[in-house]
There are 2 protein chains.
Amino acid sequence: MKKLINAADSVVEDALAGLAAAHPALRVRNRVVHRADAPRPGKVALVSGGGSGHEPLHAGFVGHGMLDAACPGEIFTSPVPDQIIDATQAVDGGAGVLHIVKNYTGDVLNFEMAAELVEDVEVASVLVDDDVAVQDSLYTAGRRGTGATLFVEKIAGALAEEGAPLAEVARVAREVNERSRSFGIALTSCTTPAAGRPTFDLPPGEVELGIGIHGEPGRTRVPLAPARELVAVAMAAIHGDLPLRDDLLVLVNGMGATPLIELYVVFAEVEAIVRGKGARVARSLVGNYVTSLDMQGFSVTVCRLDATLTRLWDAPVETPALRWGR
Amino acid sequence: MKKLINAADSVVEDALAGLAAAHPALRVRNRVVHRADAPRPGKVALVSGGGSGHEPLHAGFVGHGMLDAACPGEIFTSPVPDQIIDATQAVDGGAGVLHIVKNYTGDVLNFEMAAELVEDVEVASVLVDDDVAVQDSLYTAGRRGTGATLFVEKIAGALAEEGAPLAEVARVAREVNERSRSFGIALTSCTTPAAGRPTFDLPPGEVELGIGIHGEPGRTRVPLAPARELVAVAMAAIHGDLPLRDDLLVLVNGMGATPLIELYVVFAEVEAIVRGKGARVARSLVGNYVTSLDMQGFSVTVCRLDATLTRLWDAPVETPALRWGR
């Protein structure tokens, strides 16, 4: 294993120190990353979190127009309820807090427990489960939450910034999830610092279709094929679940170690397929955003836009990983 | 070799198609990427370029407040003079064009030839040679141009956007280069699509100090060490060449396949060293920006700021890879 780390057991701590040093608009304490200007009185606050190893998700999305706080767990390990309670209390501005939870068993349990235990804060929750690849998985009952998390955090974050009440922010967050679908393909495994060796074996010349963001198994393995064919598989899976039509928001996402030049090759194929269905890529994002440590591969996430969601996507955002419009 | 490509000989073309589809504010034609709103009458235009494989450099930095055009060559291959002439003529708004050239033999020759051959356009050039690792290299007489290219493009681009004349934009571009130093360390080789195998052999457990962005050799190989020790080597090389003091702009850059969590671990160590010298990281950027295909590793680039350079760094920018402030 070759990694830029000091020690396997200090990776999360060391990376959070770097995050804090690089981004003065954030505060990091007790494994909670929050906006330095939190709490914002009267604004609904958004809290997310999950295992580390998916950077920039979630801490890289804390800031104006997106999350108010993130709770990073250990690598691929849910944050504990105390962290979530701490974050929730730190950012509540009196208008309530929305928990954005990816559908993994540990995350769901710990966010539920935190929501029950937190005192004097109104909490609503939205579950993200956009991955069409498998119904249940190693860590999930039901579908996994992957790329749509970014869409939910961005769009609900913009609505909260506009001053919408908690019920409305939660409703739109759920709507974004319902309108979104994802599918991922891995070229390589990932290696956790603690294990020091690849999570699974993927022979040279094979790829895993429908991979999750923790290296959990997908649907099947097939021989490596041109990008055009791999993208066709991903888009067929998405289209089969939620037909591609009208205006779409598209994320072409790298799994952490995917060079940008390859992601643009993928994007060209995605856009051609969307166009071929008579739909349109109205908004897009290309890069490594919802990752799985050093995995190579990609995922595509598609969200069916309407005028309101488009306006909220376009709204100003200022976080370490997404910045525009201010 | 596992890559998300259609064919080894179509990677650049296919990726540029994706870039064009993803970014409606850009135009891509004949291997030139330019702002859709070019030429801007009365504004000095900035043109850069070089081999592909370093994405988002350079095409990802085309847009408001940065480059007016980029000329992507084949993978690790200089653009040809015709491309550069085409780009220069396409974006000249009557105020002249600045060529920003990384110091590699092919780039230097081809930009010089283009500057001589282009008609009716005033051209100035700035050479970027910030890498302190080696004096000459496989493709270079003198020092290599690496991370400081991003600083030069951003800061000179902001000055051009303000309406400064060509001589002044060129002067400040050169000043940014003179105030900047870089050093890179590779954990792995890169693999070009054409070769299909790693450019060089780097055994498990070893890293290459002073690596270039094409896999060309650095200073020496040493056993893999904690991030703290690797960063200390890089910062000592930089500090030995240009003492770290006062306010610094710092880029902690991934080589293309470096997970963000590791880059933040590196950043924490860089910031601690800077602080230990009595200097300050006044501005920073952490991510994969000046890359070498699928290489794992990092580089650090440091620029000594003054009030003017800080203002220009902070100025609005709107490109695929850098966006803020509008």
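Let me start with strand E4 of chain A, residues 69–75. Of its 7 residues, 6 are buried, so E4(A) is largely enclosed by the rest of the structure. Buried means under 20% relative accessible area, exposed means over 50%, and partly exposed is in between, with a 1.4 Å probe and protein chains only. Strands (E, at least two residues) and helices (H or I, at least four) are DSSP runs, numbered from the N terminus.

Quick word on conventions. This is a predicted model: local features need pLDDT of at least 70, side-chain atom pairs count only at pLDDT 80 or more, and totals for chains, interfaces and linings use all residues. Residues are numbered from 1 along each chain as its sequence is written, chains are lettered from A and ligands numbered from 1 in the order in which they are written, and side-chain values use heavy atoms, with hydrogens and water left out.

Back to E4(A). What does it pair with? E3(A), residues 45–52, runs parallel to E4(A), with 5 bridges. Two strands pair if DSSP finds at least two bridges between them. Look at Gly50(A): its bridge partner in E4(A) is Pro72(A). E2(A) also joins E4(A), antiparallel, through 2 bridges. There, Val33(A) has Ala70(A) as its bridge partner.

Next, a sheet in chain A. It is open, has 6 strands and mixed pairing, and the order is E9-E8-E7-E12-E10-E11. Which strands stand at the edges? E9 (220–223) and E11 (280–287) of chain A do; each has a single partner strand, so one side of each is left without a neighbour in the sheet. On average, neighbouring strands of this sheet are turned by 20° against each other, direction ignored.

Within that sheet, take E7 (180–186) and E12 (297–304) of chain A. They run antiparallel, joined by 7 bridges. One pair to find on screen: Ser180(A) with its bridge partner Cys303(A) in E12(A). Helix H5 of chain A, residues 166–178, packs on the sheet and touches E7 and E12 of chain A. The direction of H5(A) makes about 50° with that of E7(A). Axes are lines fitted to C-alpha atoms, for helices over the stretch in contact, and angles run from 0 to 180 degrees between N-to-C directions. Contact means heavy atoms within 4.5 Å. Helix H8(A), residues 307–314, lies across E10 (247–254), E11 and E12 of chain A. H8(A) runs at about 30° to E11(A).

Now the interface. How much area do chain A and chain B bury between them? About 4400 Å², with 65% of it on carbon and sulfur atoms. Buried area is the accessible area (1.4 Å probe) that two parts lose on being put together, summed over both. Lys2(A), Leu4(A) and Ile261(A) supply 21% of what chain A buries against chain B, more than any other three residues. The contact takes 58 residues from chain A and 58 residues from chain B.

Polar terms next. Between the chains, 20 residue pairs are in polar contact, both residues at pLDDT 80 or more. That is a pair of N or O atoms within 3.5 Å; within protein, one must be able to donate a hydrogen and the other to accept it, and residues adjacent in sequence count only if both atoms are side-chain atoms. Salt bridges between chain A and chain B: 0. The rule there is a side-chain nitrogen of Lys or Arg within 4 Å of a carboxyl oxygen of Asp or Glu.

Which elements of chain A give two or more residues to the side that touches chain B? Helices H1 (11–22), H6 (227–241) and H7 (260–276), plus E11, E12 and E14 (323–324), all of chain A. H7(A) gives the most, with 10 residues.

Gln296(B) is buried, at 14% relative accessible area. Its side chain reaches the backbone oxygen of Ala257(B) at 3.2 Å. Gln296(B) touches residues of both chains, including Lys2(A), Asp294(A) and Met255(B).

Last, backbone geometry. Most residues other than glycine have a negative phi, and most peptide bonds are trans. Asn30(A) has a positive phi of about 50°. Asn30(A) lies in the loop between E1 (26–29) and E2 (32–35) of chain A, and it is exposed, at 58%. Asp246(B) has a positive phi too, near 60°. In chain B, a cis peptide bond joins Ala38(B) and Pro39(B), omega about -5°. Another joins Glu55(B) and Pro56(B), omega about 10°.

Definitions and conventions. Lists of a residue's contacts leave out its neighbours within four places in sequence.
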